Every structure is written in structure tokens, then in C-alpha cells.
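Take a look at the sequence and the fold below. This short report walks through a few of its residues, strands and side-chain pairs.

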Amino acid sequence: QVQLVESGGGLVQPGGSLKLSCAASGSIFSINFMGWYRQAPGKQRELVASIINLGSTRYADSVKGRFTISRDNVKNTVYLQMNSLKPDDTAVYYCNVKEVYEYWGQGTQVTVSS
């Protein structure tokens with residue numbers, strides 16, 4: 001079993017920044033994929049950013065140039081630096097990890113509002 005603990009969400013004004021963290025612990029074998037999804041009220045969950053073992057990253061078009069995903073392989077932690085936040089970025093953000101199985105974090109609320 002792998003446990004994921006997220007942190008870093010909150011309320012921020014438009015144009016502000018937040019950094020999300022997700023630490024994986026437990027019986028970790030080899031993490032192939034770490035990513036962040038988000039789900040806004042009334043919308044489907046969408047992939048925001050991902051990073052794989054070799055460090056290759058992918059981003060949703062809506063966040064390119066504003067969000068940066070990174071990972072610390074020693075700490076088994078993935079980060080999401082979010083800059084120039086917009087009200088449309090308001091959602092619950094979920095950490096996702098894939099190794100032998102797939103695991104989800106509990107979600108952290110990000111609210112962008114003045």
C-alpha cells in the first residue's frame with residue numbers, strides 16, 4: 001500500500017502563486033508516474049500536469065507556461081508550482097501516483113478569488 005499526503009492548497013488572489021506538495025510513503029516499489037489532476041464543481045476531473053521516471057513532463061494547454069511540476073525521487077514527493085493563477089484554476093487538486101497500482105491523494109482545495 002502507498003499513502004499520499006497532499007499539502008499547499010488555499011485561497012489566493014488572481015495573479016498569485018501556490019505550491020502543492022504530495023508525499024508518497026509506504027510500500028513503494030518503483031513509481032513510474034506522478035501527476036496532478038483537478039476537478040472543478042460540475043466538471044470532469046482533468047490531468048493538469050505529469051512527470052515520469054525519466055523526468056519528462058506534460059501539461060494541460062490551460063496551464064502551460066504558468067504551472068511547473070517537479071519531483072524529488074529521494075523523498076518520493078511531487079510538487080506543483082502554480083503561478084499567475086486565474087479564477088478558472090479553482091478546483092480540488094488531486095495527486096496521482098502509478099507504480100504497480102494506482103493511488104490517489106485526498107485532494108486539496110485551491111480557490112482563486114479576489
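## Ser50 and its surroundings

Ser50 touches Phe33, Met34, Gly35, Ser56, Thr57, Arg58 and Ile69, leaving out residues up to four places away in sequence. Contact here means heavy atoms within 4.5 Å. Ser50 sits in strand 5, residues 46–52. Strands (E, at least two residues) are DSSP runs, numbered from the N terminus. Ser50 has 5% relative accessibility, so it counts as buried. Buried means under 20% relative accessible area, exposed means over 50%, and partly exposed lies in between (1.4 Å probe, protein chains only).

## About the model

The model is predicted: local features need pLDDT of at least 70, side-chain atom pairs count only at pLDDT 80 or more, and totals for chains, interfaces and linings use all residues. Residues are numbered from 1 along each chain as its sequence is written, and side-chain values use heavy atoms, with hydrogens and water left out.

Ile69, one of the contacts of Ser50, belongs to strand 7, residues 67–72. The side chains of strand 7 alternate. Phe67, Ile69 and Arg71 point to one face and are buried.

Two strands pair if DSSP finds at least two bridges between them. Thr68 has Gln81 of strand 8 as its bridge partner.

## Two positive phi angles

Most residues other than glycine have a negative phi. Which residue takes a positive phi in the hairpin of strand 7 and strand 8? That residue is Asn76, with a phi near 50°. The hairpin has 4 residues between its strands, and Asn76 lies in this loop.

Ser84 is not a glycine either, yet its phi is positive, at about 50°. Ser84 is found in the loop between strand 8 and strand 9 (91–98). Its relative accessibility is 41%, so Ser84 counts as partly exposed.

## The disulfide

How many disulfides does a search of the whole structure find? The search finds 1. A disulfide is a pair of cysteine sulfur atoms within 2.5 Å. Cys22 and Cys95 form this bond, with their sulfur atoms 2.1 Å apart. Cys22 lies in strand 3 (residues 18–26) and Cys95 in strand 9, so the pair ties together parts that are 73 residues apart in sequence.

The torsion about the S-S bond is about -80°, so the disulfide is left-handed. Cys22 is buried, with a relative accessible area of 0%. Cys95 is buried too, at 0% relative accessibility.

## Tyr103

Cys95 is also among the contacts of Tyr103. Setting aside neighbours within four places in sequence, Tyr103 is in contact with Gln1, Val2, Leu4, Cys95, Asn96 and Val97. Tyr103 lies in strand 10, residues 102–104. Is Tyr103 buried or exposed? Its relative accessibility is 10%, so Tyr103 counts as buried. Tyr103 and Ser30 are 73 residues apart along the chain, and their C-alpha atoms are separated by 13 Å.

## Charges over rings

Where does Arg45 lie? Arg45 lies over the face of Tyr94, at 3.8 Å from the ring centre. Lys98 lies over the face of Phe33, at 3.9 Å from the ring centre. A charge sits over a ring if NZ of Lys or CZ of Arg is within 6 Å of the ring centre and within 35 degrees of the ring normal. Phe33 is also one of the residues that Ser50 touches.
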